[in-house]
Amino acid sequence: MDMRLPASLMQKYMLKAAEFYIGYVTRGPSPDVQIQGSKEGGSLKSPSVSRGSQRYVIDGLSEKSSVVAEPWERLLDILAVVGVRCEWQGDKGQRSYVDMLQRVKELCRYLPGLEGDTRSRCCSQVVICAALVLFRSAFLYVSAVQPALFQAVNALSSGPWILVEDLSSVYNDVEAERGAVKHAHKKRKLADGREKTMSSDDEEGLGKGRGRHILVNKTEMPSWSETLESFRTARESWDLLHSHDGLETEFKKICASWKTDSWLWFRIFLSDMIIYQGQYRKALSSLHQMAAVQQPQPGQQSPSGQTSLEHHRALIQQASCHYALGEYRMACEKLLDVVSGLVPPNHESTKTSEDQGRVKTKTRKGNDLRLLPCTSKAVLPFCLQLMLACFKLRAFTDNRDDLSLGHVVVLLQYDWPQGEMLFLKAVDKICQQGSFQYENFFNYVTNIDMLEEFAYLRTPEGGRIQLELLPNQGMLIKHHTVTRGITKGVKEDFRLAMERQVSRCGENLLNVLHRFCINEKIIIIQSLP
């Protein structure tokens, strides 16, 4: 008599085992968590992220017996046994998860031509194997970019990290240089001989679809290669599971049974995958849901502010998506919400030329993404650069927009002299206009090179450009009845203000720019359509 279990029952038990092991591996750092009996699949969802005791007890077992060594390998062993019993196709020996994915990818090529039990068996094999590769790879990726979600992961090692648009080309010119430089000046020679960027990524529209590059600072993320490989493997598995209607239907049944919608860690992976695919509108919907889940709870705020930064993750990604969609006002609104919760670093960080230099040599036009460390040190500069990217096109259109141009000048101070070419273009535009009004100039511009340039513009050699940089100065100058005495007084006020400003050049620039974002929030947002 054949006492073997039916294949359908074997597969059901296989999925129960997988649900248990995945629930075990992805458990959150909650106090005294207990896994309930396997009859209630919903109780195995990834727990919340509140920090607490590392004790973890499986219902009915001692604490010592609740420790599962090498859970992913155990799951692979079980899968090998089930594969033999269910007469699955392929090598019967134990393989790695990556090998398993390659095997089922090959099987998928034959799936459309199969019928009946053979098709059903093949479909089950592909779905179960690809799903396990997906969840394992997604876990490995998220445990690297958001380690604090998991009890078994050392959260102090690194992270969290945020997948955003890469802004390495933000200082590029907005268009090919046209004609000769109209404003020759002692500083203009600094630009001579430099390789000029021929086009802007902004006007091209950011790249969508496959084959995008993800940039990361290798020094800050030693495991960058494994992390990006896990992300790629998870995406491949997801695509495979959605390559046929039959596979997708069976996979959705597993997700519904396991209640994967409630797994925050898996939602993080899905959001990043959607961003990678360039489906920004869909990504925004996912991120809005995630932001609601990640609202800080009482007692979660850490002294370093790290926890609040983790909760800013969704907002930062929303801003990045709005920017990619060309919705600059919405992008700035999200950014300024984030900046208001940041404390600027005590000193500006030194540049890591290894990563930056590698990026500058690339010729791609905005296709890249970047894994950004979720720290004040990295997030504040990113917010400043993204705001610059939002204002850049508006500032350099044929239409005059002194307010946007002024914002660009303020923001170009960060990472100086990276933005020098763009600043010189702004000066050229001011010279063409013959005048420039930005009454916040002396509140936020402390860069000595910029101050020298603007002082020079007032001189006969600089073109006697009419600069209205003092509060209420425009009211005086625009009156037709202005006397020589008042005009002379305005010049003297400008000279004194410039001298005072030079004494501020030693101020912490990130403090100055942080104050700009906080104090001018309404004006900044209203400046964009």
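Predicted model: local features only at pLDDT ≥ 70, side-chain atom pairs only at ≥ 80, totals over all residues.

Visitor: How many helices and strands are in the protein chain?

Guide: Start with the secondary structure. Here the protein chain has 21 helices and seven strands.

Visitor: What share of the residues is buried?

Guide: Burial is judged by relative accessible area, with under 20% as the cut-off. Of the 529 residues in the protein chain, 51% are buried. The accessible surface is about 25200 Å², and carbon and sulfur atoms hold 51% of that surface.

Visitor: What part of the contacts joins residues 24 or more positions apart?

Guide: Take contacts with a separation of 6 or more. In the protein chain, 75% of them link residues 24 or more positions apart.

Visitor: Which residues touch the most other members of the largest nonpolar core?

Guide: That core has 77 residues, and those with the most contacts to other members are Leu132, Phe135, Phe251, Trp265, Phe266, Phe269 and Leu371. Helix H4, residues 116–145, supplies the largest share of this core, 17 residues. There is also a second, separate core of 73 residues, with Tyr328, Cys390, Val410 and Leu424 among them.

Visitor: Now the loop. Is Asn217 buried or exposed?

Guide: Locate the residue, then check its accessibility. Asn217 sits in the loop between strand E4 (214–215) and helix H6 (224–241). Asn217 counts as buried because its relative accessibility is 6%.

Visitor: Which backbone atom lies 2.9 Å from a polar atom of the Asn217 side chain?

Guide: The backbone nitrogen of Thr219.

Notes. Residues numbered from 1 in each chain as written. Heavy atoms only, no water. Helix = DSSP H or I, 4+ residues; strand = E, 2+ residues; numbered from the N terminus. Buried < 20%, exposed > 50% of the residue type's maximum accessible area, 1.4 Å probe, protein only. Contact = heavy atoms within 4.5 Å. Areas by Shrake-Rupley, 256 points an atom, 1.4 Å probe, with all protein chains shown as cover. Polar contact = N/O pair within 3.5 Å; in protein donor to acceptor, adjacent residues only side chain to side chain. Core = buried A, V, L, I, M, F, W, Y, C linked by side-chain atoms within 4.5 Å.
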